[in-house]
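This report describes one protein chain, from its overall build to a few individual residues. Please keep the sequence and the model at hand while reading.

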Amino acid sequence: MKINTIVFLALFGVYGLSSQTGPKTRFTLLDSITTNVSFINWIEDNSETNIFEEENFYNGGGVAIGDINNDGLLDIYLGGNQVPDKLYLNLGNLQFKDITPNAGISNNGTWSSGVTMVDINGDGLLDIYVCKDTDPNADFRKNKLYLNKGNLTFKEVANDLGLDSDRRSVQATFFDYDRDGDLDVYLLNRPPNYGYFSDRTQNVMIPENGSQFFQNNNGQFTEITEEVGLSSIAFTLNAITSDFNNDGWIDIYVCNDFATPDLLFINNQDGTFKNVIDKAVKHLSYFSMGSDAADINNDGFSDFISVDMVSEDNRRLKANMSGMNPDKFWDNVANGGHYQYMFNALQLNRGIDSNGDLHFSEIAQISGVATTDWSWAPLFADFDNDGFKDLFVTNGLRIDFRNTDATKQLTKYAETVFESYMKQANSKPKSVWDVLDFDTVFEMYPSEKLSNYIFRNMNGIQFENKVEQWGLEEKTFSNGAAYGDLDNDGDIDLVINNINQPVFIYRNNTESFDNSNYLKVELINKDKTNSLFGAKIKIDYIEEEKNKSQFFEFTSSRGFLSSSSHIAHFGLNKVNKIDKLTIFWPDGLQTVKNKIRANQSIEIDYKEAKAKNTNKENATPFFEEITAFIGVNHKHQETNYDDFKNEGLLPHKMSTVGASVSVGDLNGDGLEDFFVGGASGQFAVFYFQNTDGSFYKKELGEDKNQEDLGSTFFDADNDGDLDLYVTSGSNEIDVKLAYYYYDRLYLNNGQGTLTRANNSLPLIAESSSVVKPFDYDQDGDLDLFIGGRQIPGKYPSPASSYLLKNEGTNLKGEPIFVDATNDNAPELINVGMVTDMQWLDFDNDKQVDIVLTGEWMSPTFLRNDNGQFTNVTASTGLAIDVGWWFSMNSADFDNDGDVDIVFGNLGLNYKYKASKSEPFEIFYNDFDQDGKFDIVLSYYNFGERYPLRGRSCSSTQMPVLREKFPDYASFSTANLDEVYTPAKLTESIHYSATEFASIYAENLGNGTFRVHYLPIEAQVSNIEDILIDDFNNDQFLDIVIAGGLYDSEVETSRNDAGVGLLLVGDGKGNFTTISPSKSKLYLDSNVKDMEFINIGKSRNIISTSSNDYVKICKIQE
């Protein structure tokens, strides 16, 4: 009765009749009466077949779109699981005819998964390859290849060609890996994906269940998986092929479900592949499902996305996911896994560094596409014809299989029933369903349909959710999807395969909107000899007096289980003419066309291809890494301290915040040397420069057990050489062991030998950060500012910073510093968690002031009034901008005679979001009255304030919450006040972050500032340090930024998208970013500090990173 009811509703147009007065939204859901497409992928759950024994049970069926009869209309193939596949012929006007009965498509009860349209034999006709999955009978799992006979009929030839694999195949992707002109096949297979009640005693992670690669040898396919280096055994769900490194050879990205990390296979151009996932990609999705690749920012490099299954809704997030297990997370990393988080991963291609290595930045958070619930098929396409590729994502699961309460209920039910059964039964049951009632189990789990997602690409990085505005809010359980211009009106339509619901065909109405010009390009090869997958098209044009480009790459499969149209579609907005179109054919040849008008479809034949133009203009990059050439091989090495053991709800580690570097001529030879601080248990080191530009190393030799956070060279005793001050910090040593938090001063003997001065400093046991010298009292010697970073074990309690006054030397010639904080800067006491500081005259009164940055602080200004420092932040215009400010630097960027400031913040590519109306907050109190203070973080979700963390981790810190909220459902709907009570929250230490973007603060000349956000490319990670110079020699000041926050709690993805960035100034306070692929600046680690250093005759940047290597980059002249 269920299926009949659904069909009846579909036939009578319940699913979206077309508007009679013209489209009001960008998409219109067409009814089956209009389209004649009535396919339903109906899945029946019962004790024989269900998700409790096969976890892939609801993965759904695929969609393939292509022109099978070359009539210029795109046809549709739909894969069915428990129902037969269907092939629909496009009759025009979005009407279709079911030609399955006479087309030769078999109907033998097999379970279809991935479907692909591909011209396998090069005869100019699209064939259809269908993967088979799930069925326990291997004969029913043999894949099918339907060869197009040219008369709307097909012949099944998979066995004849060697492609009838009976492994559990998910999808096939076809491409010419060896550039010999024919299509090879990468076949994605998976082991049996057992459910809760499956027999797990059998080892399924065996080679016989792995993916396969087949080489095309004159139309016959031979498996050569091991020979080419593509052997893998995982719960693989998708792969996308693309030339990621732009070398003209096709590479592969593979999505793997569960703990096995994804794979990035780079084509070695010699018939083999190499997995570079660990070096090229910083973190991944945990449950990688579908994927797609496209150039989302029009820079000529292929980006890609993999989707996961995390909800954007607080209720579903906390009810259906119990949270990441920290021990399992780190065990997976230690055992060869990757940093894997339950978020979608949008990987922005940053190009190739000078060593030939490929780099990606994961930007899903800043892009706004990180959370799309239980997602399957992501598809990049320009749905609104504005020149940027948008993103569509299907999602939904028939039942919420990972609902935490339901799973606990099931466990309890099963234990009770089995215990009773075993007491009465004389033998073991044949099936679990002989004991358990299937309907009872099935009904334990909630079922909730969800809308699919569609995001408009706004600027190449940020996307905007347009589900409602574009008319795709219909709730479904959707899986496979594909796109193509089904009605040839110049915009891209969608076909979506749903579970237990009619297939969706969305007509795109963009042709009726303004500024919707387009160009469609179809590649053909009438000589029928060459593969066209892997071909790329670049178009160049002018829009609003700006030179612009777009790129498209042809690939056989996209999204999940599906194959979209193989016609390149370019949205052109208002543009009426393309100046230049270049085709890069897979074999290295090119075709160039000029002056092409918009709003047409064109065919370009391979026979027009010519040899590639080798007169390539290569611009000189701004930087060149030279670390390996100068004898520097130094790694900062942190101890493996678990900050979260004692502070379970800490947002990130506080024991890994340092890796300092200082530069200066220590031995008076006229050459600059450098010092690198050590982590606890690691000696700090000096690197002395030789006359040939190389370096030799010398350990400090003492104070190994103190952690070096900040350092500076300065002449402490006025004897003409550089001494060294090192701050002691971290979070891993008990604050009661005061000695380990004492800062240190090392005096230079003038020849580069430094010895600790034990009587020069006041005994201040502060976990400190930055140190900056300046003669604030104008008495001829250098005084010091010391920034307090934290109170160990008491995050986020405010630390004190200090002003140390230089009182000259004692009888032994040692400098004496006294604590002048109370006398000269009392407002530094408990000022906050300071990260950086500068001495600068921000108000132009000829007195140098103090400016601070810090975590849970606003930029803080202390004005100097004849040696007395007063907090005047409230009058600067920056007081309300509370953030996680990590760094600052200053200069007169707009040439108006005062000092402007660049402040480095957390950035916008982090799970935590903050605004003035919806701040990100922290509360610190003994909420459960157990004598220990607890951390509570809160965030806003759809206008309501909730605890950030879920029931599992929150109750581990505060067990009383388990009693207050006995199940996950009740916790998932409770707001912050309901969980922790207003009274407790009010009496807590409390901070509200309102701004996480990094900014340029323009000095208005009267001690006030105007905020300008740094370009969006500068917001993809936190900025730990900032350097200022004229890097491009145009007489205007530029900026280099770098940084990372790699030690987040495991439910928050690492802030690791920063690879270093050059921002070129125009002398007016405006900045333009230069991509790393052009600048060749790749500071792609957890950078904490940077300095300039002169090596020989060259000027360079030296950077240090927590738990990583020192890197030195030469600044090109």
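## Basis and salt-bridge criterion

A salt bridge is taken here as a side-chain nitrogen of Lys or Arg within 4 Å of a carboxyl oxygen of Asp or Glu. By that criterion the structure, which is a predicted model, holds 39 salt bridges.

## Overall build

The protein chain contains 18 helices and 72 strands. Its radius of gyration is 32 Å, close to the 32 Å that the globule rule gives for 1117 residues, so the chain is as compact as a globular protein of that length. Along the principal axes, the C-alpha trace spans about 105 × 80 × 60 Å.

Of the 1117 residues, 64% count as buried, and the accessible surface of the protein chain comes to about 41,300 Å², with 47% of it belonging to carbon and sulfur atoms. When contacts between residues at least 6 apart in sequence are considered, 60% of them join residues at least 24 apart.

## Charges and their pairing

The protein chain carries 91 positive and 168 negative side chains, and the centres of these two sets lie 5 Å apart. Side chains of opposite charge can pair when their charged atoms come close.

Lys-536 belongs to strand E34 (residues 536–543), while Asp-243 sits in the loop between strand E14 (235–242) and strand E15 (251–257), so the pair ties together parts that are 293 residues apart in sequence. Asp-243 has a relative accessibility of 2% and therefore counts as buried.

## Two further salt bridges and a network

Arg-756 forms a salt bridge with Asp-703, in which the closest N and O atoms are 2.7 Å apart. Because Arg-756 lies in strand E48 (residues 754–756) and Asp-703 in the loop between strand E44 (695–699) and strand E45 (708–714), this pair ties together parts that are 53 residues apart in sequence. Both Arg-756 and Asp-703 are buried.

A salt bridge also joins the side chains of Glu-855 and Arg-789, at 2.8 Å from N to O. Here the link runs between distant parts of the chain, from Glu-855 in strand E54 (residues 849–857) to Arg-789 in strand E50 (residues 783–790), 66 residues apart. Glu-855 is buried at a relative accessible area of 1%, and Arg-789 is buried at 5%. Elsewhere, Asp-313, Arg-315, Arg-316, Asp-373, Asp-400 and Glu-448 are linked in a network of salt bridges.

## Buried residues in strands

Tyr-506 is found in strand E32 (residues 504–508) and, at 1% relative accessibility, counts as buried. The C-alpha atoms of Tyr-506 and Leu-29 are separated by 4.5 Å, although the two residues are 477 residues apart along the chain. Leaving aside neighbours within four places in sequence, Tyr-506 is in contact with residues including Phe-27, Thr-28, Leu-29, Gly-471, Leu-472, Asp-493 and Ile-496.

Gly-351, in strand E22 (residues 345–352), is buried with a relative accessible area of 0%. Gly-351 and Phe-244 are 107 residues apart in sequence, and their C-alpha atoms are 8.4 Å apart in space. Not counting residues up to four places away in sequence, Gly-351 touches Phe-301, Asp-357, Leu-358, His-359, Ser-1077 and Tyr-1082.

Lys-1111 is found in strand E72 (residues 1111–1115) and is buried, with a relative accessible area of 14%. Lys-1111 and Glu-625 are 486 residues apart in sequence, yet 7.4 Å apart in space from C-alpha to C-alpha.

Ser-232 lies in the loop between helix H5 (225–228) and strand E14, and at 13% relative accessibility this residue counts as buried. With neighbours within four places in sequence left aside, Ser-232 is in contact with Tyr-186, Gly-210, Ser-211 and Leu-263.

How values were computed. Residues are numbered from 1 along each chain as its sequence is written. This is a predicted model: local features need pLDDT of at least 70, side-chain atom pairs count only at pLDDT 80 or more; totals for chains, interfaces and linings use all residues. Side-chain values use heavy atoms; hydrogens and water are left out. Helices (H or I, at least four residues) and strands (E, at least two) are DSSP runs, numbered from the N terminus. The radius of gyration is taken over C-alpha atoms; the globule rule is 2.2 Å times the number of residues to the power 0.38. Buried means under 20% relative accessible area, exposed over 50%, partly exposed in between (1.4 Å probe, protein chains only). Contact means heavy atoms within 4.5 Å. Accessible areas come from the Shrake-Rupley method with a 1.4 Å probe; for residues, only the protein chains shown count as cover. Lys and Arg count as positive and Asp and Glu as negative; His and the chain ends are not counted. The place of a charge is taken as NZ of Lys, CZ of Arg, CG of Asp or CD of Glu.
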